[in-house]
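Work through these exercises with the structure open. Try each task before you read its solution.

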Amino acid sequence: FPTRRSSDLDRALLRRSLVWILALGGQPLAAVRVYEHPDLSVAPRDDYELLCLTDLVVGLSRARLFVDAQALSERLGRVADKFVASDARERHIALGAWRALARLAAAQGHTDQTYAFILRLQSLGWEGGFEPGSLMMRSRAQANELAAVDEIFDATMATVPRVSDRDRVRLWGQLISAHVRLNDVEGGYRALDRLVTTGLGPNVAILNSLLAGHSMRTDIDAAYALFNRFSEYGIVPNIVSYTTLIALHARLRDPEAAMSIFRQCARDGVQADQPAWTTMMNLFVEVGHFSLATEIYQYLQAHPDPAMRPDSVSTNVILKATVASGASVDATLAFFRAAIASGVRPDLQSYTLVLQSLCIHGEMDAAEELVVEMGAQPGVSLLPPSRGMLDADVHVVGILVHGYLNAGETGKARACLLDMRSRGIAESSVVYGLVVGSFLRAHPLDGVAAATKLAREFLNDSPLEPQRRTRPPRSRSEEHTSELQ
C-alpha cells in the first residue's frame with residue numbers, strides 16, 4: 001500500500017482499483033478488507049465511493065454472501081441518492097448502484113423490495129428493456145411462485161419488443177430454471193420446446209439446468225440422454241455439465257463412475273474448478289475414503305489460483321470427515337482454526353459439525369464456548385457473519401441436548417430445551433430422534449419403546465411438528481452442501 005505521504009487521490013484510486021479487481025474477481029471478502037484498510041482511508045470522492053460500494057454489493061451477491069451484501073445496501077442507497085442530487089451528469093453511476101440493489105433483493109426473493117428498486121430506477125430515466133421482467137421473475141422464483149414467474153415471462157416477451165436474441169434466450173433460461181428448481185423438470189422441457197419453435201436454441205446454462213434436474217432425481221438414464229444431445233444444439237459441455245454428472249454419481253455412491261466422468265472431463269480439455277474437486281472430495285468422504293478427500297483438500301490449499309482455494313463448502317466436507325472417522329477433538333479443532341486463519345469464513349454448518357465432534361467426545365464446556373463464539377462478530381471485518389443465520393438452530397440445540405444427556409447433565413439439557421422454546425424454535429423430529437438415541441444409549445437393554453417413552457416424558461409430551469421460521473434463500477454453501485448430500 002502507498003504510504004500516508006501519498007496523495008489522497010493516489011490512495012483513493014488504488015482502493016477503487018483493488019476493490020474492483022477483487023470484488024468482481026471472485027474474492028469479495030478480500031475486497032471488503034481492502035475497502036476498510038486504514039492505510040487507504042481518505043476523504044472519499046463520491047464517485048469512487050459509489051463505485052466501490054456497488055462492486056462490493058455485486059461481488060458479495062454473486063458469492064451468495066447475502067448478509068454481508070445487505071449490510072452494505074443501506075450505505076450504498078444513501079450514497080447513490082446523495083450522488084444523484086449533487087451530480088446529475090453522472091447519473092449512470094447511480095443507476096449501476098440501484099441495479100445492484102435490485103439484483104440483491106431479487107436473489108433473496110424480496111419481491112416488494114425488488115419492485116421498489118425498479119420504480120426507483122425508472123424514476124431516474126432507466127428504461128431497462130427486459131431487465132425489470134427478469135428481476136421480477138428471479139424474485140418470484142426464489143419465493144417459489146412458479147405461476148407468477150410464467151405470467152411475468154409472458155408479459156415481458158409480449159411488451160418488450162427490442163430484445164436481442166441473446167437476451168431472449170437468457171429470459172427463457174430463467175423460466176426453465178424456475179421450473180427445474182421446483183422439481184418441474186417436465187415443465188422445463190415444455191419451455192425448451194417452446195424456445196426451439198421460436199427459431200432460437202438453448203445455451204449451455206439451460207441444458208445444465210435440466211441436467212441438474214435429472215441429477216436431483218438421480219435419473220441417470222435421462223441425464224445421459226440429455227448430455228449426449230448437447231451436440232445436437234451445437235453446445236459444448238462445460239465444467240458445470242461434468243460436475244452435475246459427477247454429483248449424480250455421488251448421490252448414487254458410485255466413486256468409480258464419478259472418477260470416470262472426472263477423467264473424461266480432463267480428456268475433453270475442460271479444466272476442473274473448485275466445485276468439481278469439492279464434489280469429488282465429498283463423495284470420497286461419503287464412501288469412507290477419508291485420505292483421498294484430505295489429499296484433494298491439500299491440493300486445493302496449495303493451488304496458486306486463489307479461486308481454487310478451499311471455501312466453507314470444501315472445509316465443511318473435511319469437518320464432516322473428522323466426525324465420521326472419529327477423529328480426536330484436538331484434530332478437529334486444529335483443522336477448524338487453521339481453516340479460519342487461512343481466510344475461510346465458517347458458516348452455520350461449520351460450527352454444527354465442530355459442535356457435533358465436541359459433544360460426541362463429551363467436551364461440553366468447549367461446546368458451550370463454541371456456541372458463544374458462533375454468534376460473535378468476526379474481528380477481521382466490520383461486516384456481520386454471513387451465509388445465513390449464525391444463531392443456534394434446531395440442529396445445534398438438538399446436538400447440545402444430546403450431548404448433555406449423554407454426559408448425564410439432564411438439568412442443562414432441559415435448560416437448553418427451554419431456551420430453544422423461548423426463542424420460538426419448537427423441537428422437531430431432529431431433537432426427538434437425538435433424545436431417543438440418548439435414552440437408548442443409557443438404557444440399551446430396555447429397548448426402543450422404553451427409550452421413546454422416556455424421551456416423551458423428557459419433552460413433556462410437547463408437539464413434535466416443526467414450526468418453521470421464514471428464512472432467507474439458502475447461501476451458496478448451503479445449496480451446494482445440500483446438493484452434495
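**Exercise 1. A helix and its faces**

What span should the 13 residues of helix α22 (residues 410-422) cover, and how far apart are its end C-alpha atoms?

Solution. First, some ground rules. This is a predicted model; local features need pLDDT of at least 70, side-chain atom pairs count only at pLDDT 80 or more, and totals for chains, interfaces and linings use all residues. Residues are numbered from 1 along each chain as its sequence is written, and side-chain values use heavy atoms, with hydrogens and water left out.

Step 1. Helices (H or I, at least four residues) and strands (E, at least two) are DSSP runs, numbered from the N terminus. The expected span is 1.5 Å times one less than the number of residues. For α22 that gives 18 Å, and its end C-alpha atoms are 18 Å apart, so the two agree.

Step 2. Find the buried side. Buried means under 20% relative accessible area, exposed over 50%, partly exposed in between (1.4 Å probe, protein chains only). In α22 the buried residues are Ala-413, Cys-416, Leu-417 and Met-420. Viewed down the helix axis, they fall within an arc of 100 degrees, so they line one face of α22. The arc is taken from the directions from the helix axis to the C-beta atoms. The general rule: an α-helix has 3.6 residues a turn, so residues three or four places apart point the same way.

Step 3. Turn to the other side. Gly-411 and Ser-422 are exposed residues on the face of α22 turned away from its buried side. After the helix comes Gly-424, with a positive phi near 85 degrees.

**Exercise 2. Positive phi**

Find where Arg-64 and Asn-183 lie, then decide whether each is buried or partly exposed.

Solution. Step 1. Most residues other than glycine have a negative phi. Arg-64 has a positive phi of about 60 degrees. Asn-183 has one of about 65 degrees.

Step 1. Arg-64 sits in the loop between α3 (46-62) and α4 (66-86). Asn-183 sits in the loop between α9 (165-181) and α10 (185-197).

Step 2. Arg-64 counts as buried because its relative accessibility is 15%. Asn-183, at 47%, counts as partly exposed.

**Exercise 3. Aromatic pairs**

How many aromatic pairs does the structure hold?

Solution. Step 1. Rings of Phe, Tyr and Trp (its six-membered ring) pair if their centres lie within 6.5 Å; planes under 30 degrees apart count as stacked, over 60 as edge-to-face and the rest as tilted. The structure holds 8 such pairs.

Step 1. Classify Trp-98 and Phe-117. Their ring centres are 5.7 Å apart and their planes at 45 degrees, so the pair is tilted. Trp-98 lies in α5 (residues 91-107) and Phe-117 in α6 (residues 111-123), so the pair ties together parts 19 residues apart in sequence. Both Trp-98 and Phe-117 are buried.

Step 2. Tyr-299 is partly exposed, with a relative accessible area of 39%.

**Exercise 4. The core**

Which residues touch the most other members of the largest nonpolar core?

Solution. Step 1. A nonpolar core is a set of buried Ala, Val, Leu, Ile, Met, Phe, Trp, Tyr and Cys residues joined through side-chain atoms within 4.5 Å. The largest has 131 residues; Leu-50, Leu-56, Met-281, Leu-355 and Leu-400 touch the most other members.

Step 1. Helix α5 gives the most to this core, with 12 residues.
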